[in-house]
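Reader: Please walk me through this chain. I want the criterion behind each label.

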Amino acid sequence: MLAIGLVLNTLGIGLFCWAIFALAVYALPFFVALSVGMLAFRHGAGVFGALLIGIASGALTLAAGQVAVAVSRSLTLRVAIAAAFAVPTAIAGYHVVFALSQIGVPSLAWREAFACGGAVCIGGTAWTRLTVFAETRPLESGRVVENISRSVLTATTHER
């Protein structure tokens with residue numbers, strides 16, 4: 001019975017950690033959705049209306065951020081958008097890892113160290129997930145840029 005409990009606890013913590021990393025990008029849209037939904041509820045939209053407005057605003061925030069990173073040619077703008085998504089994720093990651101470390105780490109200094117490391121890892125995950133699909137394109141000066149594919153191996157390499 002003890003072995004089953006240990007295995008299930010390990011699987012549960014592993015599933016929880018996987019969920020944290022899988023949902024890392026959604027910290028800013030969730031915050032926006034929650035804030036806008038609460039604001040709409042306070043101003044008389046009702047529960048159903050506030051829920052719909054909150055979900056729509058969160059989805060719009062996520063879509064706008066991903067499209068802006070993918071379409072933007074400016075590296076500075078990409079970094080600013082990715083930082084806007086990664087900073088709330090890092091803060092959320094800090095608090096999650098700090099809360100989880102209270103289960104088994106008695107020292108406050110080690111809890112802080114684990115929480116800071118978790119913030120960096122989870123914030124870096126959100127940063128990577130946002131910027132992985134944004135490829136660098138050549139600068140266009142009002143004309144069409146042709147993509148000429150060249151073979152890596154030349155004819156002289158094949159003759160040797």
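Reader: What does the secondary structure of the chain come to, in helices and strands?

Author: The secondary structure comes to 6 helices and 0 strands. From the N terminus on, the order is α-α-α-α-α-α. Helices (H or I, at least four residues) and strands (E, at least two) are DSSP runs, numbered from the N terminus. The model is predicted: local features need pLDDT of at least 70, side-chain atom pairs count only at pLDDT 80 or more, and totals for chains, interfaces and linings use all residues. Residues are numbered from 1 along each chain as its sequence is written, and side-chain values use heavy atoms, with hydrogens and water left out.

Reader: How do you know that the span of helix H4 agrees with its number of residues?

Author: The expected span is 1.5 Å times one less than the number of residues. H4 (residues 75-104) has 30 residues, so it should span 44 Å. Its end C-alpha atoms are 42 Å apart, which agrees.

Reader: What is the reach of helix H1, and what is expected?

Author: H1 (residues 2-22) has 21 residues and reaches 30 Å from its first C-alpha to its last. That is close to the 30 Å expected at 1.5 Å a residue.

Reader: What makes H1 "hardly covered"?

Author: The count of buried residues among its 21 residues is 2. Buried means under 20% relative accessible area, exposed over 50%, and partly exposed in between (1.4 Å probe, protein chains only). Of the 160 residues of the chain, 25% count as buried.

Reader: Which residues of H4 are buried, and what do they pack against?

Author: The buried residues of H4 include Arg78, Ile81, Phe85, Thr89, Gly93, Val97, Phe98 and Ser101. The buried residues of H4 pack against helix H2 (27-42), helix H3 (46-71) and H5.

Reader: Why is Thr89 called buried?

Author: Its relative accessible area is 2%. The cut-off is under 20%, so Thr89 counts as buried. Thr89 touches Ala24, Ala27, Ile122, Gly123 and Ala126, not counting residues up to four places away in sequence. Contact means heavy atoms within 4.5 Å. The C-alpha atoms of Thr89 and Ile122 are separated by 6.7 Å, though the two are 33 residues apart along the chain.

Reader: Which backbone oxygen does the side chain of Thr89 reach?

Author: The side chain of Thr89 reaches the backbone oxygen of Phe85 at 2.9 Å. A polar contact is a pair of N or O atoms within 3.5 Å; within protein, one must be able to donate a hydrogen and the other to accept it, and residues adjacent in sequence count only if both atoms are side-chain atoms.

Reader: Why is the pair of Tyr94 and Phe98 called stacked?

Author: By the ring rule the count comes to 2 aromatic pairs. In the pair of Tyr94 and Phe98, the ring centres are 6.1 Å apart and the planes are at 10 degrees, so the pair is stacked. Rings of Phe, Tyr and Trp (its six-membered ring) pair if their centres lie within 6.5 Å; planes under 30 degrees apart count as stacked, over 60 as edge-to-face and the rest as tilted. Both residues lie in helix H4, 4 residues apart, about one turn of the helix. Tyr94 counts as partly exposed at 21% relative accessibility, whereas Phe98 counts as buried at 18%.

Reader: And what makes the pair of Trp110 and Phe114 tilted?

Author: The planes of Trp110 and Phe114 are at 40 degrees and the ring centres are 5.9 Å apart, so the pair is tilted. Both residues lie in helix H5, 4 residues apart. Trp110 counts as exposed at 53% relative accessibility. Phe114 is partly exposed at 41%.

Reader: How do you know that Arg111 has no salt bridge?

Author: A salt bridge is a side-chain nitrogen of Lys or Arg within 4 Å of a carboxyl oxygen of Asp or Glu. Lys and Arg count as positive and Asp and Glu as negative; His and the chain ends are not counted. For Arg111, the nearest side chain of opposite charge is Glu112, 7.8 Å away. Arg111 is buried yet has no salt bridge.

Reader: Which backbone oxygen lies 3.0 Å from a polar atom of the Arg111 side chain?

Author: That of Pro106. Arg111 is found in helix H5 (residues 108-131). Leaving aside neighbours within four places in sequence, Arg111 is in contact with Phe98, Ser101, Gln102, Val105 and Pro106.
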